[in-house]
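Subject: Structure handover

Hello,

Here is the structure I said I would pass on. Please open it alongside this note.

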Amino acid sequence: MSLQQRSGAAPGLRLRLALMRIHPLVAGAWLLVAVLAGALQWVTMARADLEVERAAFQARSEAQAAARATAAAAAARAARDEDAAAAARHAQAAPEQDNLAAFYGTLGERRHAEQQVRTLFALAQQAGLTLRQGEYKSARDRNAGVTTYQVNLPVKGSYAAIWQFAMAALRAIPFAALDDISFRREAINDTAVEARLRLTLYLRDGDAATAGAAGPATAGAAP
């Protein structure tokens with residue numbers, strides 16, 4: 001054996017010789033300390049790994065919660081936008097519906113057509129007019145649900161009384177329209193004027209029986 005090999009093996013030999021000279025209890029204590037030190041190091045490393053995993057789990061949880069919150073906010077925003085759009089559509093449609101309801105609200109009812117004609121006769125008598133004969137004709141627009149009731153009234157009286165009757169008829173029956181009025185005087189010095197008025201009553205459908213078309217009727221009588 002060379003000198004270098006003997007010098008390299010000497011420390012190990014000296015260590016074995018030193019251990020042999022140590023009491024067995026002391027050797028056991030040193031061994032226990034070494035084991036405990038190793039165990040402590042392992043626990044420390046395991047705890048560090050656990051903290052890393054816990055931090056990663058918490059980060060994933062927070063990311064998932066943020067994603068869910070973002071999705072919920074997007075869904076809520078979409079719902080609000082849809083509600084706003086629906087409200088805008090309703091607001092846009094509401095005026096049209098209101099206008100249509102107001103239009104039908106101004107119409108009379110078909111079932112009261114004869115009563116309105118009686119009102120015209122009563123107003124003519126109040127104005128001092130003479131009614132000779134009346135003609136009545138009805139027509140119905142099925143799509144609109146509106147019935148027109150046309151009344152032709154030949155009257156005779158003073159010019160002022162005839163206009164008084166016409167204005168009173170329009171005030172008493174707001175859903176009536178004065179379509180035409182014509183005058184005829186038999187003589188220049190005649191104070192009585194003959195006139196023919198054509199009025200149209202605009203009526204909506206009612207629940208009761210409808211008023212049918214009527215032919216010529218005697219003045220003062222219902223159609």
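Below is what was found, from the whole chain down to single residues.

**Ground rules**

This is a predicted model: local features need pLDDT of at least 70, side-chain atom pairs count only at pLDDT 80 or more, and totals for chains, interfaces and linings use all residues. Residues are numbered from 1 along each chain as its sequence is written, and side-chain values use heavy atoms, with hydrogens and water left out.

**The chain as a whole**

The chain holds four helices and seven strands. Both are DSSP runs, numbered from the N terminus: helices are H or I with at least four residues, strands are E with at least two. Read from the N terminus, the order is α-α-β-α-β-β-β-α-β-β-β.

The chain has 223 residues, and 21% of them count as buried. Buried means under 20% relative accessible area, exposed means over 50%, and partly exposed lies in between (1.4 Å probe, protein chains only). The chain exposes about 15400 Å². Carbon and sulfur atoms supply 59% of that area. Accessible areas come from the Shrake-Rupley method with a 1.4 Å probe; for residues, only the protein chains shown count as cover.

Now contacts, meaning heavy atoms within 4.5 Å. Take those between residues at least 6 apart in sequence: 68% join residues at least 24 apart.

Strand β3 covers residues 133-141 and strand β4 covers residues 146-157. They pair in the antiparallel sense over seven bridges. Two strands pair if DSSP finds at least two bridges between them. The two strands form a hairpin, with four residues between them. Gly145 sits in the turn and has a positive phi of about 70°. Further along, Lys137 stands opposite Gln150 in β4.

Ala139 is also worth a look. This residue lies in strand β3. Ala139 counts as partly exposed because its relative accessibility is 42%. Setting aside neighbours within four places in sequence, Ala139 is in contact with Val146, Thr147 and Thr148. Tyr149 is ten residues from Ala139 along the chain, and their C-alpha atoms are separated by 6.6 Å.

**Salt bridges**

How many salt bridges does a search of the whole structure find? There are four. The test is a side-chain nitrogen of Lys or Arg within 4 Å of a carboxyl oxygen of Asp or Glu.

- Glu109 and Arg204 form one of them, with the closest N and O atoms 3.5 Å apart. This pair links distant parts of the chain: Glu109 is in strand β1 (residues 108-109), Arg204 is in strand β6 (residues 193-204), and they are 95 residues apart. Arg204 is partly exposed, at 24% relative accessibility.
- Arg118 and Glu114 meet at 3.8 Å, N to O. Both lie in helix α3 (residues 113-126), four residues apart, or about one turn of the helix. Arg118 is partly exposed at 45% relative accessibility, and Glu114 is partly exposed at 35%.
- Glu194 and Arg184 meet at 2.3 Å, N to O. Here Glu194 is in strand β6 and Arg184 is in strand β5 (residues 176-184), ten residues apart. Glu194 counts as buried because its relative accessibility is 10%. Arg184 is partly exposed, with a relative accessible area of 47%.

Best wishes
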